[in-house]
Structures are given as structure tokens and as C-alpha cells.
Amino acid sequence: MSEKPITILYIDDEEHNLHSFKASFRKQYSITVTSSVVEAEEILEKNDFCIILADQRMPIMTGVQFFEKIRTKFPKPIRILITGHTDISAAIDAINKGEVFRFIDKPWDYNYVENAISHAYDIYKTREDLQQRNIELQKANEELDKFVYSASHDLRAPLMSVLGIVNLALLEDDIKSQNEYLELIRQSVKKLDTFIINIIDYYKNARGVPVVTDISFEELVTEVQATIQYLPEYGNLKMTTDIDQAGVFKSDVMKLRIIFNNLINNAIKFQDKTKPNQFVHLTIKSTPDAARIIVEDNGSGIKDSDQDKIFKMFYRAGATNSGSGIGLYIVHEAIAKLGGQIKVSSSIGEGSIFEVNIPSIHK
Amino acid sequence: MKPLLHFFLIDDSAFDLFIYEKLLLKSGITDSVKTFNSARDALKHLVSQGANLPESVILLDLQMPDMNGFEFIEEFDSLPPLLQEKIRIFMLSSTIDTRDIDKARASLHILDLLPKPLEIATLKKKLGI
């Protein structure tokens, strides 16, 4: 990760102070200077800064007054006041009130300023990281919330179905129909198992450490095909592939497997059995920089109004015996983690095309 | 003898429709069960029946794609009162989420939330038969 430069805004009505500051520190920091507090506010509207330095004695308003004014609107930058000895009490007051982080007395000394800036930046960075962590935590909590909610449905529902079938089977005197019930139990258990596998995939994807290796799309696709072709719902579907891989492509094979598995499984699950020749066609074009994966089918298609929602967690489109609403969410998350994109174009009754673009991971 | 009740089952799970249709018929409290795997379709059917609709009981699933159980209730609310009066709705769900349970309790149209799997004895008690 490349470190962003430390951005500093320095306000002082004495131009020569601005010049000497810039001359001393321009190599280390990205510095913006202005001699006017009015202009300083305008600059703040348009740019983000890590640190703001302001002189205490300025016309219109003092440095402390300036900080008081901008503090609520621009809370992120760390504020440092530059003062002469005569203003010490104002500076102490400002620090105690929390308006400024530190003060630098004039005439300033290079090392002292550098030290103040570096401490200020540490605080800025820590706050920034904390905020980022907070956002991530919030997202994790929301997901957990949704997970608990869906657990009641997707984990309990198949179990309650099994219990319902068992209750019904116990009322049945005819031994022959027991087999029919057993078959229903089998399907229900299978559905529950698929959901659990999906959840594990999701957590591996979300929390696991990515392992980047050379990818052979040919191998990967053969492997995925091997696991799905014996599925009972596979039917008469015809799967064709067109793989064009030039050079080395590097990525996380786990995530790619999740992507292929879900997209191809969906094409199988949502095939249109009324059509005479159901197909799924997989096209992969990969270069050392990027790969484009296209999964096209002539299945039942996705409604326009559903197309932006299908990647959301636990959203299920369609009323027929559909999935748990987690497959495409996992696909979306996996692609996002790989730095790629997915788009869908589909029309109801005709079929769907999923296009995935992912960059090769160079380390 | 009182005439047998007519039942509607609304559930996106084909299993559950199968199970509960069989169970209801076996229980002897009904000889007429109509199943819908989409709440939207069920609603359309109710509207199309209008005055011809017999006295009915609806067993309504909660979590369904497209239109869920609560969304069905919202639509049901705007149906003609004469139609509403013919229908008794029970929510039938495996939910254990307290928000769902509270919401179902608060609803004027939902007589009760019955847990899955459906127990005929419980249903009979709720129906007063």
C-alpha cells in the first residue's frame, strides 16, 4: 500500500512565514498556504487536510476563533496553533477547551514543528482508522443481524418440513407411501445441507486469508463441471465452454470456485424446462492483466425490477422453488474482494447473461 | 353437522404445501384445500372469487419471495370488508424472530401465529372445533 502524503493547510497573515514554512517542509508534506481566513474556509470546502496550522494573531479573527468556527464543520483535521510568547494564555486556554491539539511558539524551530506535525498526523491516522473499523464493524453487525433473521427461515424451515413429513408419515397406515415421504425428507435435508455449505463458503470468503496462485481456467472449470453434472436437476441441459487463456493469470482459486459454482448452478437451477434445448454457455477470456467470464443461459430470466436486487443478501427473486437468496450475494462479495465487477443482463423467458471482469492479482 | 371449512395454503415451499394439504385432508376438518406458491397469485384469486368465495381459512407463510406474508396482509387490508369477513387468516411460520412474532400479534387480520410444523389439535382449538 502506498502512503498518501500528509496534507497541511497553513494560515498566516504574514506572507514571509508562509514562504519559509513552505520552503522548509515542501519536500515532506503536501502544503497549501493562504494569508486569509476567508480563503482558508473556501479551501477547506474543496479539499481534505490532515492538519491545519493557524497563526494566532491575524486580522478579522484570531487563530483560536478560526478553529472554533470551523471545528464542527470540519472536525477531521488536527488543529495546531502558532503563537508568539505574548499569547501563551490564549493558547493554553484553547488547548484546554479542546480547540487545538498543540501550539508551536514563534519563532519556530524545524525539529519542533516536524515533531508536532508527526504527532498530529498519528492522531489523525488513528482516528481515520478507527472510523474505517467502525464502518466495517457496522457492516459486519448488519450482516450478522440479517444472518440471525434468515437462520430462523433457512435453517429451521427445512427442519420443520422434515418434522411435518414425519408427523404425516406417522398417520399413514400404507407402508408403500412411506417411501414417498422418505424422498421428501431426503430433498429437504439436501436443501439444508446446501445452505450450510453456502454459509461456510461465505465466511471463508469474508474472513479467510486470500491465497493467490496461478490459475488454470481449464482445470477450474473441469473441476466445477465434475461436481455438478450428476445433480438430479441437471436434466438435459447442455453445457458448452469456450476458454481462451493467454499467459499467467493470478488470483484466489477459492473465490473463483465460489463464483463459477454459483453462477453455473443458478443456470442449472433456473433452466426453462419448457424449452426444447436448454443450454448454459461459459466464455472465458483471460490475459495476464484481466479475465472476462461470461455465463449465458436460455433459462427463465430475471425480471427488470429484480436485477438490481439479486446481489443483496437473502433476496430471492421468483416464487418457484428457488434458493436461499445467498448464492449471488456470495458471488458479489467474492468478486468485490478480487477487485472485479459483475453485471447482469436478462429478460424474462429468454435467459440471462452474467458478465464478470476481474483483474489478475500482481504482488 | 356444520359444513366443512374451505382452506387456502399460501407458501413458497412446495414441500410444505404438499405436507399440509395432505395433513389437512387427513385430519377430516376439510375436504377442500387450495394451494398457492405465491401470495400475489393467492390475492388475485381471492379478488376474482368475490362474492362466490366460501367461508375460508388461510394458512399463510411468512418468508416468501416477491410478496411475503406481511405484505399480503397489507394488500388484504384494502379488500372489500364483505370479502374480508369470510376469511380467517393464521400465519404459519417457522420464525423464531421476536420482531415477526410481535408484528403478527399486532396485526388485526392475523388471528394467530402458528408454528411449523402445523399441529392439527392446535388448529382445531383455535378454530373452536
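## Close-up views of a predicted two-chain model

**View 1. Strands 1 and 3 of chain B run side by side.** In this predicted model, strand 1 (residues 5–10) of chain B and strand 3 (residues 56–60) of chain B pair in the parallel sense over five bridges. Pairing here asks that DSSP find at least two bridges between two strands. Helices (H or I, at least four residues) and strands (E, at least two) are DSSP runs, numbered from the N terminus. Look for Phe8(B), which stands opposite Ile58(B) in strand 3 of chain B. Residues are numbered from 1 along each chain as its sequence is written, while chains are lettered from A and ligands numbered from 1 in the order in which they are written.

**View 2. The open sheet of chain B has five strands.** Their order is 2-1-3-4-5, with parallel pairing. Strand 2 (30–36) and strand 5 (110–115) of chain B are the edge strands, each pairing on one side only. From one strand to the next, the twist averages 25 degrees; axes are lines fitted to C-alpha atoms, for helices over the stretch in contact, and angles run from 0 to 180 degrees between N-to-C directions. Chain B has a mean pLDDT of 91, with 98% of its residues at 70 or more; pLDDT is the predictor's confidence in each residue, from 0 to 100.

**View 3. Chain B meets chain A.** Here 21 residues of chain B are in contact with 22 residues of chain A, contact being C-beta atoms, placed from the backbone, within 7 Å. The chain B side comprises eight nonpolar, six polar and seven charged residues. In this scheme Ala, Val, Leu, Ile, Met, Phe, Trp, Tyr, Cys and Pro count as nonpolar, Asp, Glu, Lys and Arg as charged, and the others, Gly among them, as polar. For the complex, the predictor gives an ipTM of 0.84 and a pTM of 0.62.

**View 4. Chain A has an open parallel sheet of five strands.** The strand order is 2-1-3-4-5. Strand 2 (30–34) and strand 5 (102–105) of chain A stand at the edges with a single partner strand each, so one side of each is left without a neighbour in the sheet. Within the sheet, strand 3 (residues 51–55) and strand 4 (residues 78–83) of chain A pair in the parallel sense over five bridges, and Asp55(A) stands opposite Ile82(A) in strand 4 of chain A. Helix 4 (residues 88–97) of chain A packs on the sheet, touching strand 4 and strand 5 of chain A.

**View 5. Helices 6 and 9 of chain A pack together.** Helix 6 (residues 177–207) and helix 9 (residues 327–337) of chain A pack at an angle of about 15 degrees, their axes 10 Å apart.

View 6. Strand 11 (residues 341–347) and strand 12 of chain A pair in the antiparallel sense over seven bridges, with Val344(A) and Phe354(A) as bridge partners.

How values were computed: Predicted model: local features only at pLDDT ≥ 70, side-chain atom pairs only at ≥ 80, totals over all residues. Contact = placed C-beta atoms within 7 Å.
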